[in-house]
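Trainee: I would like to go through this structure term by term. Please set each value against its definition.

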Amino acid sequence: MKFKAFLTEHGVNLLERRFLPALDKMGKICHLFLTRDHAIFLHNLLNGDGVQCIAQFRKEALFDDYRISSQNEDRIAFAIDVSLLLRAVRSSVSICTEFGNGPSANRLQIKLVKKLPLNCTQPMPFLTFETKGYKSAVIQDVPISKPLSRAQVLELQTALELAQDIPWTLVQVPDSNQLQNFVERMKQVGDLLNVSISKYGDLHVQISTTLITLGAEFRKLLVIGEQAEAPSDDRNQSAQTRSERAISRGDAQRVQVSVKHFSRSLHCHLAKPDCTFYGIAPHGSCLTVIFQFFIPGTHQTDKSISLHCRLPVLDPGSS
């Protein structure tokens, strides 16, 4: 199997300043899944434990001169330490900036190689970064796992396809900082967070213990997908009563998730999305957070980039 490409300046900026810092907060190890058309970073898709996070890029968003080949339909996947990958990208950028000149300036090549490390008898796989300057080249090797077998790649592909299901109702949260500040306070109270989302555009989050109940409600949010008109007699009711009534009518769903998982998903804002949507999967199977990115200078969705999280549910919820 072979993989070789050049990271573009835009690709370097996306990875170094936005996506890798976000992915690093999601977990130490992720899978990098390379296909003919996409590079995909995947957290927790195979073990199903913790927050699943998927960052997918069309190859043109990150690379030029992209070449890949394998006996498994040109698909290659392996596990990699995100912090080491981020460090290598940052170091390579620094070298490019300091020493890059001449016709080959700022050409950052990335490729899969096998090398024999010191004191080892077997060659090991690496993702290698080669910074080519005018008179010299600097090489950095990031260790990776043994590439996944054909069966493991198929399992990863199947998990990826299952994780693409979009909830029937999504609400847009305009001020994620407000939500993040509230969740940080909630972490001091308890471990379990109740989240309800209605077709009216309401997002309700609540944490309860035997001594205290804390909640926040975001109302009249933009709704994508299935929506409904809120009954007029709900206007003077409490947030909790409105939520309960919406669930009983089938106009809302509620799930229970870990406060730590919810807080961790908020780190995805390091990737600087333009919009954030929350939804609950059919039958309350997970809480989904979808981040939208615009083409710079426009309000048009950048379809070359996608990022979303799926939070495991601790309670079957209501549907």
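Trainee: Where is E73 found?

Mentor: E73 is in the loop between β5 and β6 (76–81); strands are DSSP runs of E with at least two residues, helices are runs of H or I with at least four, and both are numbered from the N terminus. This is a predicted model, in which local features need pLDDT of at least 70, side-chain atom pairs count only at pLDDT 80 or more, and totals for chains, interfaces and linings use all residues. Residues are numbered from 1 along each chain as its sequence is written, and side-chain values use heavy atoms, with hydrogens and water left out.

Trainee: Why does E73 count as exposed?

Mentor: Buried means under 20% relative accessible area, exposed means over 50%, and partly exposed is in between (1.4 Å probe, protein chains only). E73 has 52% relative accessibility, so E73 counts as exposed. Its phi is positive, about 55°, although E73 is not a glycine.

Trainee: R75 is found in the loop between β5 and β6 as well. Why does R75 count as buried?

Mentor: The relative accessibility of R75 is 15%, so R75 counts as buried.

Trainee: What does R75 touch?

Mentor: Contact means heavy atoms within 4.5 Å. Not counting residues up to four places away in sequence, R75 touches F33, L34, T35, S70, V153 and Q157.

Trainee: Why is D65 called partly exposed?

Mentor: D65 has 37% relative accessibility, and therefore counts as partly exposed. D65 lies in strand β5 (residues 63–69). Phi of D65 is near 50°, a positive value in a residue other than glycine.

Trainee: What puts the buried residues of α6 on the same side of that helix?

Mentor: In helix α6 (residues 239–249), the buried residues are R242, S243, A246 and I247. They cover an arc of only 130° around the axis, so they are on the same side of α6; the arc is that of the directions from the helix axis to the C-beta atoms. After α6 comes G250, with a positive phi near 85°.

Trainee: What makes a set of residues a nonpolar core?

Mentor: The set must consist of buried Ala, Val, Leu, Ile, Met, Phe, Trp, Tyr and Cys residues joined through side-chain atoms within 4.5 Å. The largest nonpolar core here has 74 residues, and F3, F41, F57, L127, F129, V195 and F262 are those with the most contacts inside it. Helix α1 (residues 9–26) gives the most to this core, with 8 residues. A second, separate core has 12 residues, including I40, I54, A77 and V153.

Trainee: How much area do domain 1 and domain 2 bury between them?

Mentor: About 1,800 Å², with 61% of it on carbon and sulfur atoms; buried area is the accessible area (1.4 Å probe) that two parts lose on being put together, summed over both. Of the area that domain 1 buries against domain 2, R18, M26 and V51 supply 28%, more than any other three residues. In contact terms, 20 residues of domain 1 meet 19 residues of domain 2.

Trainee: How many salt bridges are there between domain 1 and domain 2?

Mentor: The count is 0, where a salt bridge is a side-chain nitrogen of Lys or Arg within 4 Å of a carboxyl oxygen of Asp or Glu.
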